[in-house]
Amino acid sequence: MNPYGRTYRRVFVMTGGDAAGVAQAMTAEIHAGFRAIGVNSTLLRVEEFHEAFARPIGERYAMISLNNRLRLPGVRKFGVMVDHPCTRYADLVEGEPTTSTLGWVDLSHLPAAAALSPGYAAVFLPHAGPDPVPDPLPASQRPIDLFFSGMLAPSWDRATWSALNPAAPPALVELVFETAERLAETLEPVLPIFAAVCAEHGIDARRDFKPEVFCWIVTKIHELAELSRRNAVLEALPDIAITIAANHLPASLRDRKNLRYLGHVDDFAEIRRLMGRAKVVLNTTSKFPIGSHERIWFGMAEGAAILADRSSYLDRQFGHLASMLFLPQRPIAAGDLDYLADLLHDNSALGAITDRAAVLYRDNHTWTQRVQVIDEALN
């Protein structure tokens with residue numbers, strides 16, 4: 001990278017006190033990553049914006065934000081898009097394509113976004129994490145066998161989901177459930193699966209649904225698939241010491257004597273502290289079949305082994321029981337995760353997994369590496 005060849009001299013990374021803890025942590029790491037590659041970066045809270053721009057900046061600059069929410073005509077912007085384009089549909093159509101570049105965390109999101117709202121420059125920008133902690137606890141000193149943080153919900157069948165979404169007709173409920181169930185069996189992105197399910201029912205998904213309705217349905221499919229998968233994985237865990245930080249504890253988990261439930265924890269520094277005390281960090285989501293989720297990298301930064309869904313992106317570097325623990329690429333069955341009970345008592349084997357993962361993570365997946373993608377896109 002040649003700093004003298006940049007078309008900008010400074011970046012402002014937008015954050016906010018009312019943002020979720022993980023979003024604040026992410027913007028702080030993006031800011032630190034820019035500084036690490038020699039770019040003058042300012043981490044700017046939303047409430048400080050007007051004061052910061054009360055006078056001319058005096059040099060060329062770019063604005064960095066999460067999810068393309070800045071509305072600044074004529075200003076060079078980069079949006080770090082942390083979810084599926086359908087979930088971010090309003091941010092797409094209300095944004096400014098002529099002055100904005102979008103970075104998508106999954107490779108399949110680029111064509112999906114282009115179909116929904118053409119005109120944006122776009123790049124593949126997988127999630128990343130902070131620099132690794134210098135002296136992570138060894139496995140033998142970690143009191144938590146497995147840690148999970150994220151959204152949970154009661155297990156839904158068609159009747160309970162319909163009650164939560166009364167505007168959805170029975171035919172649409174069937175489309176949602178069929179697509180969500182197929183997502184658990186493949187690394188294929190959601191849109192071709194949904195289109196195929198619709199075609200089997202004589203529906204052309206793009207023609208027969210308005211874009212905002214289409215995006216609502218896809219978002220609900222992801223939500224159903226993700227929350228159902230999380231419940232299934234947590235229910236299948238053997239008798240190990242589990243800690244969960246979530247908004248809800250499903251009834252199927254409430255009688256487990258080996259489980260500690262913390263409720264919702266928005267303080268991401270506390271989430272990271274818990275990751276640093278866990279042997280394994282669980283991450284499961286159906287939204288990134290050709291990308292990654294941020295909790296994978298935060299967990300690795302804290303020296304934990306990662307138990308996660310496969311993605312074709314992760315498969316290129318990480319191997320099951322070599323540098324990561326991969327969930328089966330199908331619905332979870334009884335006994336699938338029983339091997340964890342033995343592995344968690346083998347500190348040598350667990351340490352070998354985290355040691356190999358630490359090298360791959362340090363060299364390829366921190367925000368210091370990822371901001372170089374943003375830097376190139378802004379030039």
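Author: The model is a predicted one. Its largest nonpolar core has 37 residues, and those with the most contacts inside this core are Trp161, Phe194, Phe209, Phe214 and Ile221. Two or more residues each come from helix H3 (89-93), strand E5 (100-104), helix H4 (109-116), helix H6 (170-183), helix H7 (190-200) and H9. Of these, H9 gives the most, with eight residues.

Take Phe209 as an example. Leaving aside residues up to four places away in sequence, Phe209 touches Leu175, Phe194, Cys198, Ile203, Asp204, Phe214 and Ile217. There is also a second, separate core of 28 residues, and Leu146, Val233, Leu234 and Leu337 are among its members.

Now to the sheet. It is open and consists of six strands in the order E9-E8-E7-E10-E11-E12, with parallel pairing. Strand E9 (259-261) and strand E12 (325-326) are at the edges with a single partner strand each, so one side of each has no neighbour in the sheet. Helix H9 (residues 211-236) packs on this sheet, where H9 touches E7, strand E8 (242-246) and E10. The direction of H9 makes about 165° with that of E7.

Helix H10 (residues 268-275) lies across E7, E8 and E10 as well, and runs at about 155° to E7. Ile144 stands opposite Ala278 in E10.

How values were computed:
Residues are numbered from 1 along each chain as its sequence is written. This is a predicted model: local features need pLDDT of at least 70, side-chain atom pairs count only at pLDDT 80 or more; totals for chains, interfaces and linings use all residues. Side-chain values use heavy atoms; hydrogens and water are left out. Two strands pair if DSSP finds at least two bridges between them. Helices (H or I, at least four residues) and strands (E, at least two) are DSSP runs, numbered from the N terminus. Contact means heavy atoms within 4.5 Å. Axes are lines fitted to C-alpha atoms, for helices over the stretch in contact, and angles run from 0 to 180 degrees between N-to-C directions. A nonpolar core is a set of buried Ala, Val, Leu, Ile, Met, Phe, Trp, Tyr and Cys residues joined through side-chain atoms within 4.5 Å. Buried means under 20% relative accessible area, exposed over 50%, partly exposed in between (1.4 Å probe, protein chains only).
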